[in-house]
Protein chains: 4
Amino acid sequence: MKKKTIKQTEPKLIIKAIGGYGVIGRNMTVVQYGDESVILDMGLYLNRYISFQESGEEMTSEALIDDEALPNDRKFFAKHGNTVKAIVIGHAHLDHTGGIRFLASKYKCPIVASPYTSRIIEKMSYDDHWQLKNKLIPLSINSSYKLSKNITVELVGVTHSTLQTAITVIHTPAGSVVYTLDYKLDNNPPFGPKTNMQRLRQLGKEHVIVLLPDCTRSDQEGHTFSEKVARSMLKDVLLGLQDKNHAIVATTFASNINRLHSIIDMGNLIGREVVFLGRSFKRWISAAEELGLINFSNQAQILSNGREYRRFLKEANANRGKYLMIMTGNQGEPNAMLVRVAKGDTAFEFMPGDNIIFSCHVIPTPMIQANRRKLEELLRRKKTRIFKDVHASGHAKKEDHRDMIKMLRPEHIIPAHGTTPKHAALVDLASEIGYKLGENIHLLQEGQELEIK
Amino acid sequence: MKKKTIKQTEPKLIIKAIGGYGVIGRNMTVVQYGDESVILDMGLYLNRYISFQESGEEMTSEALIDDEALPNDRKFFAKHGNTVKAIVIGHAHLDHTGGIRFLASKYKCPIVASPYTSRIIEKMSYDDHWQLKNKLIPLSINSSYKLSKNITVELVGVTHSTLQTAITVIHTPAGSVVYTLDYKLDNNPPFGPKTNMQRLRQLGKEHVIVLLPDCTRSDQEGHTFSEKVARSMLKDVLLGLQDKNHAIVATTFASNINRLHSIIDMGNLIGREVVFLGRSFKRWISAAEELGLINFSNQAQILSNGREYRRFLKEANANRGKYLMIMTGNQGEPNAMLVRVAKGDTAFEFMPGDNIIFSCHVIPTPMIQANRRKLEELLRRKKTRIFKDVHASGHAKKEDHRDMIKMLRPEHIIPAHGTTPKHAALVDLASEIGYKLGENIHLLQEGQELEIK
Amino acid sequence: MKKKTIKQTEPKLIIKAIGGYGVIGRNMTVVQYGDESVILDMGLYLNRYISFQESGEEMTSEALIDDEALPNDRKFFAKHGNTVKAIVIGHAHLDHTGGIRFLASKYKCPIVASPYTSRIIEKMSYDDHWQLKNKLIPLSINSSYKLSKNITVELVGVTHSTLQTAITVIHTPAGSVVYTLDYKLDNNPPFGPKTNMQRLRQLGKEHVIVLLPDCTRSDQEGHTFSEKVARSMLKDVLLGLQDKNHAIVATTFASNINRLHSIIDMGNLIGREVVFLGRSFKRWISAAEELGLINFSNQAQILSNGREYRRFLKEANANRGKYLMIMTGNQGEPNAMLVRVAKGDTAFEFMPGDNIIFSCHVIPTPMIQANRRKLEELLRRKKTRIFKDVHASGHAKKEDHRDMIKMLRPEHIIPAHGTTPKHAALVDLASEIGYKLGENIHLLQEGQELEIK
Amino acid sequence: MKKKTIKQTEPKLIIKAIGGYGVIGRNMTVVQYGDESVILDMGLYLNRYISFQESGEEMTSEALIDDEALPNDRKFFAKHGNTVKAIVIGHAHLDHTGGIRFLASKYKCPIVASPYTSRIIEKMSYDDHWQLKNKLIPLSINSSYKLSKNITVELVGVTHSTLQTAITVIHTPAGSVVYTLDYKLDNNPPFGPKTNMQRLRQLGKEHVIVLLPDCTRSDQEGHTFSEKVARSMLKDVLLGLQDKNHAIVATTFASNINRLHSIIDMGNLIGREVVFLGRSFKRWISAAEELGLINFSNQAQILSNGREYRRFLKEANANRGKYLMIMTGNQGEPNAMLVRVAKGDTAFEFMPGDNIIFSCHVIPTPMIQANRRKLEELLRRKKTRIFKDVHASGHAKKEDHRDMIKMLRPEHIIPAHGTTPKHAALVDLASEIGYKLGENIHLLQEGQELEIK
């Protein structure tokens with residue numbers, strides 16, 4: 001589609017939609033300029049990946065591509081694999097990084113990512129026993145790296161639901177390609193840096209030739225609330241728990257370090273010892289601590305193996321008013337800590353009146369919704385008190401997208417990371433601003449590409 | 001967009017999206033072949049039209065276009081107005097015919113439509129006091145009419161929620177353009193002819209170059225139930241009303257002659273006199289009677305003016321068990337009969353236990369939903385019994401579209417009559433079948449066009 | 001509650017709410033007259049029962065009562081167990097019969113039920129290897145059985161979603177107690193007898209002292225559509241499937257014999273061999289055949305063991321256009337046939353374009369909704385065509401309850417079989433008719449009783 | 001129901017449900033002790049009141065009672081009107097005060113209310129031209145007033161969505177009756193006093209014989225977020241509006257003084273002049289200023305008549321980036337300021353990109369939902385940016401009710417202010433805690449009463 005022969009000698013700029021176009025997950029996009037190219041993100045489609053794992057089949061990249069758990073980069077690799085100058089990763093979530101394990105090594109190029117993202121990738125490799133063959137180049141947020149004479153990558157700091165998330169900018173002689181997967185515009189984050197609005201406005205004054213926006217919530221009206229709002233909700237719920245003899249369990253995404261920060265602060269405020277339970281906390285917290293971004297270890301226990309869990313849960317069962325436990329399992333993942341406790345598989349037993357705070361929303365895919373419903377049913381039977389949706393999303397909504405488009409003033413927009421109807425919602429928004437479908441806003445399906453003229 | 005220079009001498013086939021792309025309503029599409037063109041439908045956007053009427057502004061075509069109540073044909077008319085060979089109307093609903101009053105006369109060409117549709121257009125002109133300047137050519141369902149050497153129009157009979165609805169086929173040397181606004185695939189209609197499947201399959205074997213599908217329900221799973229199902233629901237509800245001393249009022253779309261037919265039959269079955277109340281019934285019923293398609297007048301009273309209404313409603317108030325009343329107002333239209341009765345503005349007063357059957361769904365636009373909610377609130381306060389959604393839709397759903405695409409095997413698909421997310425849903429369906437966005441399924445916005453190569 | 005000392009010598013009439021009050025399931029009610037009593041239904045709460053089974057604990061009646069999977073009859077049995085003259089079962093669904101296995105034997109009294117319900121109870125006992133110790137008295141629909149001088153039980157035929165469902169009437173000198181668990185008012189059933197309206201009206205003219213209504217859908221407006229409507233939907237979907245080379249699979253509740261009847265008829269109409277796959281069909285069909293109510297065996301294959309399944313599924317995989325398969329698994333039950341096929345665990349593999357017809361709704365309990373979502377996800381990945389909600393419910397809605405109350409004219413109403421908000425909805429309806437809460441409409445919780453004065 | 005003859009000479013304690021039982025609105029409850037009684041609240045049912053106003057009928061108390069816009073106190077007044085020692089009003093919202101105008105004067109007794117509530121009642125009387133004949137006794141929050149030897153009224157401060165809201169406690173020799181209409185448990189209000197938890201716990205240690213809880217949100221899980229959360233949302237949205245040249249309009253309930261306070265603060269933060277437009281602001285703000293509770297006038301313009309509106313709106317239209325306008329009309333009320341502006345009836349015209357912040361939810365009654373939808377439709381057509389639900393509710397949810405019940409430890413609970421299903425939800429919650437329906441939690445319908453033994 002849309003390939004057009006032009007008789008210039010100038011190199012062509014082509015955007016290739018490999019994964020995440022028509023689906024939420026398995027993100028991978030290629031920016032090709034002349035005979036060089038850059039890969040943006042290399043993610044998993046978790047909904048399929050989980051089913052695949054359950055099936056017990058052998059986990060090869062070929063099988064995972066066939067099952068649509070990975071982006072299908074076969075055609076691209078065959079023709080252009082050797083042109084790739086770098087794989088740039090915007091942030092550390094699995095729908096952006098989870099494909100590295102299976103796909104990266106065949107590309108003979110480095111991986112460029114923020115220091116925190118880089119550290120998480122290293123830990124994935126170590127924890128899950130696979131070898132990272134690509135060179136890893138940690139690039140500071142708000143700085144640039146020259147990949148070749150023509151191509152420079154820049155990471156612009158942006159707010160999202162994990163640390164050191166970047167808007168990836170690929171500078172080429174034809175203009176810059178701005179890739180905003182994933183982001184929110186948090187004007188008021190309680191921890192860490194704000195979005196680098198100044199730089200975004202500057203980019204808008206220079207020449208943004210293509211914007212690739214994160215469309216996961218493009219169909220929702222309004223503005224995504226700040227992490228500060230989530231903190232204010234958490235504070236409200238936790239300080240309101242008056243009974244000193246009941247357990248308090250909070251659960252959230254392990255990668256949401258700022259949220260964990262808020263929960264620790266609230267634990268201190270209400271005089272409870274904060275204890276992390278569940279395998280995945282270790283990875284996300286220690287990566288941040290190693291980089292000096294946080295120091296949770298001096299304010300909380302971070303348990304990380306079965307023996308520690310067992311000893312602690314027995315103790316907590318006898319002194320349930322003493323702790324604020326933070327557990328994995330916010331999506332009802334079958335083997336996560338909260339689910340095991342709710343099932344009665346541990347030494348800690350929920351009592352009527354114990355408090356469970358879900359500081360998250362439910363990811364709207366069928367398998368996950370099913371798991372979560374089962375967890376809630378178990379908790380209700382224990383007569384626990386359930387507080388849900390104590391949360392603010394990490395993804396931009398309609399009015400945030402409008403702000404971003406107005407700042408960047410891109411020549412072209414290609415909606416990314418979303419289902420086709422979500423892409424359609426972004427088309428409608430862009431049309432309000434003055435873009436026209438097929439002229440300067442373009443819909444791509446996986447496997448398609450667009451040459452920008 | 002997508003205009004490409006080609007060096008052939010062969011005439012070009014171009015599809016122009018004038019109205020109904022990104023919105024449900026104001027349908028108008030142009031098929032241009034060489035230096036000739038055909039207009040398909042000329043509709044109103046009722047949601048805007050109603051607000052416009054309420055505003056009290058003078059109703060000119062220019063003001064209605066500015067207010068987006070009419071398709072914006074200005075650019076097309078200026079450049080190509082004199083190339084139009086015919087305006088072809090698929091069926092008589094206002095979102096397909098309502099623009100004729102304001103836009104048709106400037107095109108110096110005939111209007112081609114089925115006999116019933118033609119008759120309704122004449123009545124609109126007569127009733128609403130405007131002059132139809134275009135020649136009206138009634139074309140029988142399942143027949144063709146040659147517009148020029150290169151262009152022939154064919155009306156293929158299809159099922160929908162009013163009589164003599166056609167799939168419009170524009171035959172050109174480049175292949176046929178098939179326009180399915182609006183349709184359902186009813187395999188089992190209780191009255192009237194079935195869809196001409198044989199002809200559709202035949203068209204698929206010849207050469208359909210473009211399909212323009214009705215996307216109003218393309219985002220809904222499954223199959224749209226037959227009118228027979230609606231009849232069976234109606235029968236079930238009406239025969240179950242046991243109290244012989246309460247009023248029975250049914251309300252539905254006046255254009256849905258088959259539904260009215262079923263309601264009359266049920267009235268006969270339960271031994272009640274059937275009486276139509278409300279201005280718009282007259283138009284739709286008399287058009288059908290004049291063509292010999294039905295004979296309601298010998299089975300029901302069709303009241304048509306204030307004096308008749310007043311006399312009858314007084315009588316019905318005293319003998320409420322005697323009649324099955326069919327009233328306008330199924331969408332809560334402020335001046336419709338059912339609303340006036342519910343407000344207490346007539347001699348007929350609802351009593352607790354009177355029965356109201358809504359043989360319709362609620363059109364999902366804000367103004368209409370608001371009106372309907374107000375009506376239901378009035379009815380509930382009268383303690384009437386309310387039976388809602390005794391209805392089957394007239395619009396194809398996902399599996400019906402799949403059947404249609406498989407029968408017609410079009411080279412290209414351009415979703416029509418729908419919001420952008422509804423068009424996106426059709427893209428997803430077509431992709432399942434093997435189409436690719438931008439290659440052989442194309443999204444257009446109002447004002448855009450596509451040259452088919 | 002509400003026990004009041006009265007100084008008469010007349011025997012007291014007391015209604016005891018044992019199970020199904022505040023919950024949908026585990027139905028059990030006691031009617032006590034003087035020193036005699038009758039138990040109405042003895043059901044399971046399936047949501048809990050399924051979780052219990054998954055837990056792997058030993059299945060004793062005590063454990064099941066503790067886990068709230070069974071009605072808690074301990075207090076009643078201890079004080080009044082020896083006064084029970086009969087256990088009367090209204091129909092054969094597990095939420096009305098599933099407790100017999102665990103609770104019935106300690107009551108030294110017969111079980112009275114319609115011939116079909118009786119036969120199903122026998123088969124449950126045989127299939128699941130437990131001994132039915134109570135004498136089983138099959139009582140024809142629309143006949144009576146004298147339990148004692150003062151108490152006569154009558155089964156009045158009513159429509160529901162399985163065969164020979166009865167409204168149970170307990171006649172006492174104080175008036176009759178009418179128990180309508182479960183029913184719909186189907187004026188037009190395609191098979192089998194209608195509701196015995198004449199008898200219900202007659203009962204209303206005699207003296208109904210208490211009505212215990214089925215409240216599972218009391219909070220829904222309107223009338224529950226006839227089984228005829230479901231048949232008409234099925235016919236519409238099945239006759240519309242045009243591709244002769246794809247599989248057709250229907251799934252519904254095995255107990256819904258009339259629905260199965262319709263599916264067989266449609267299979268014949270479209271010229272496909274009808275084959276039943278899944279263990280539970282055998283029980284419900286053979287019971288009906290043994291009583292001469294149906295003869296499916298001469299119109300369809302009813303497979304009943306693994307060897308038959310394997311042989312047939314291999315054959316069907318090669319000739320997918322030849323059969324209409326009816327499978328268990330409509331609620332996504334993990335080991336049911338449709339789920340196993342969808343998972344790829346059998347020789348039959350779904351192909352894109354195969355058709356799955358869900359002739360059912362989804363039971364709104366979390367575990368079941370989760371299972372069903374997982375099944376649909378599997379089916380969508382196979383690119384099958386899914387037709388959902390081709391169904392009419394078996395439970396009365398608001399307007400049906402109004403009809404029932406008006407026919408029976410009970411002195412008192414006690415909502416049964418429902419959550420507390422559903423009972424509240426019946427209170428609101430009864431109030432519209434003129435009842436007053438606490439005077440003649442009473443809410444009971446499990447474990448409570450009401451003396452009727 | 002529930003009237004029981006007892007042979008004591010001790011005075012009886014009787015709770016009479018006059019209004020708000022089975023409906024959200026028209027609140028009125030009577031506490032009768034011996035031959036004395038107290039009326040709690042005297043409210044309107046706004047949904048009906050608005051329709052009544054539209055009907056144009058003469059507004060008499062009798063007509064309003066017949067139309068169910070007022071509580072029906074006829075029977076009570078006839079038998080016990082002369083026993084009333086006081087009308088106690090919990091807070092100033094119309095569903096608690098709006099009946100005073102029509103019903104209070106026939107009771108020859110004072111009205112007791114907090115100073116702010118009292119001031120609002122005076123202003124209602126003055127503004128709407130009716131005479132308040134009862135003596136008004138302003139009683140400070142957290143203080144008591146002796147009505148008779150046996151009866152003392154106490155106002156305990158509680159958080160809600162207007163100022164000086166009280167939990168009303170009626171102390172009698174039989175124990176105290178605690179009436180919590182309306183409240184939330186805000187642990188963290190940004191302005192004004194917290195709930196007097198200490199006093200509530202003290203009451204629980206003394207003897208609460210009856211609790212009458214506000215059930216408007218009893219069917220919702222979790223905890224109602226603090227006003228601090230709403231403030232944090234507002235701050236987030238307002239500080240994020242980057243375009244300095246567009247209008248900002250906030251709309252909320254005029255009675256929510258704390259919310260208005262937050263909006264003013266945010267206006268100051270972003271450097272815009274704050275201007276109030278709409279008649280009802282004047283009443284609620286000036287009452288608070290007269291009592292020295294706030295001083296808005298020195299931080300904002302509070303316009304209050306047509307001339308001021310016209311002058312300002314013309315000015316604002318020319319300088320739209322200068323102001324933060326706070327308008328009435330958050331529920332789409334037909335004549336409110338925001339609606340008039342959106343319709344284009346004023347000198348101020350919305351431009352694409354202007355910002356509308358709805359700091360409220362939509363009240364779920366049909367007439368109001370209809371109005372609000374119409375307003376949003378108008379705003380969308382102007383291409384304004386809409387931010388909805390920037391709000392925290394003022395009504396307690398399930399976990400707040402649990403806290404309240406545990407603090408007060410009432411002997412009996414009678415759900416108030418809610419539909420029957422909402423009362424049912426409170427029954428379920430109380431049952432979890434150990435209450436039993438009919439024993440110590442009781443459902444009343446309007447017109448019923450319960451003697452507490």
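At what angle do helix H8 (residues 227-239) of chain A and helix H8 (residues 227-239) of chain D pack, and how far apart are their axes? The answer is in the first view, after a word on the model. This is a predicted model, where local features need pLDDT of at least 70 and side-chain atom pairs count only at pLDDT 80 or more, while totals for chains, interfaces and linings use all residues. Residues are numbered from 1 along each chain as its sequence is written, chains are lettered from A and ligands numbered from 1 in the order in which they are written, and side-chain values use heavy atoms, with hydrogens and water left out.

**View 1. H8(A) meets H8(D).** The two helices pack at about 175 degrees, with axes 9 Å apart; axes are lines fitted to C-alpha atoms, for helices over the stretch in contact, and angles run from 0 to 180 degrees between N-to-C directions. H8(A) and H8(D) are therefore roughly antiparallel (over 145 degrees; under 35 is roughly parallel, 65 to 115 roughly perpendicular, the rest oblique). On the chain A side, look for Lys228(A), Val229(A), Ser232(A), Met233(A) and Asp236(A); they meet Lys228(D), Val229(D), Ser232(D), Met233(D) and Asp236(D) (contact means heavy atoms within 4.5 Å). Helices (H or I, at least four residues) and strands (E, at least two) are DSSP runs, numbered from the N terminus.

**View 2. Strand E10 (residues 175-179) of chain A is mostly covered.** Here 5 of its 5 residues are buried (under 20% relative accessible area; exposed is over 50%, partly exposed in between, with a 1.4 Å probe and protein chains only). Strand E9 (residues 166-172) of chain A runs antiparallel to E10(A), joined by 5 bridges, and the two form a hairpin with 2 residues between them. Two strands pair if DSSP finds at least two bridges between them. Spot Thr172(A) opposite Gly175(A). Strand E11 (residues 208-212) of chain A runs parallel to E10(A), with 4 bridges, and Tyr179(A) stands opposite Leu212(A).

**View 3. Ser114(D) sits in the loop between strand E5 (111-113) and helix H6 (115-127) of chain D.** Why does Ser114(D) count as buried? Because its relative accessibility is 1%. Leaving aside residues up to four places away in sequence, Ser114(D) touches Leu139(D), Ile141(D), Leu155(D) and Gln164(D).

**View 4. Helix H1 (residues 46-55) of chain B has buried residues.** These are Asn47(B), Arg48(B), Tyr49(B), Ser51(B) and Phe52(B). Their cover includes helix H2 (61-66), helix H5 (100-103) and helix H13 (366-381) of chain B, together with helix H13 (366-381) of chain D. Just after H1(B) comes Gly56(B), with a positive phi of about 80 degrees.

**View 5. An open sheet of 7 strands in chain A has mixed pairing.** The order is E6-E5-E4-E3-E2-E1-E19, with strand E6 (136-138) and strand E19 (449-452) at the edges, each pairing on one side only. Neighbouring strands are turned by 20 degrees against each other on average, direction ignored. Strand E1 (residues 13-19) and strand E2 (residues 28-33) of chain A run antiparallel, joined by 6 bridges, and Ile15(A) stands opposite Val31(A).
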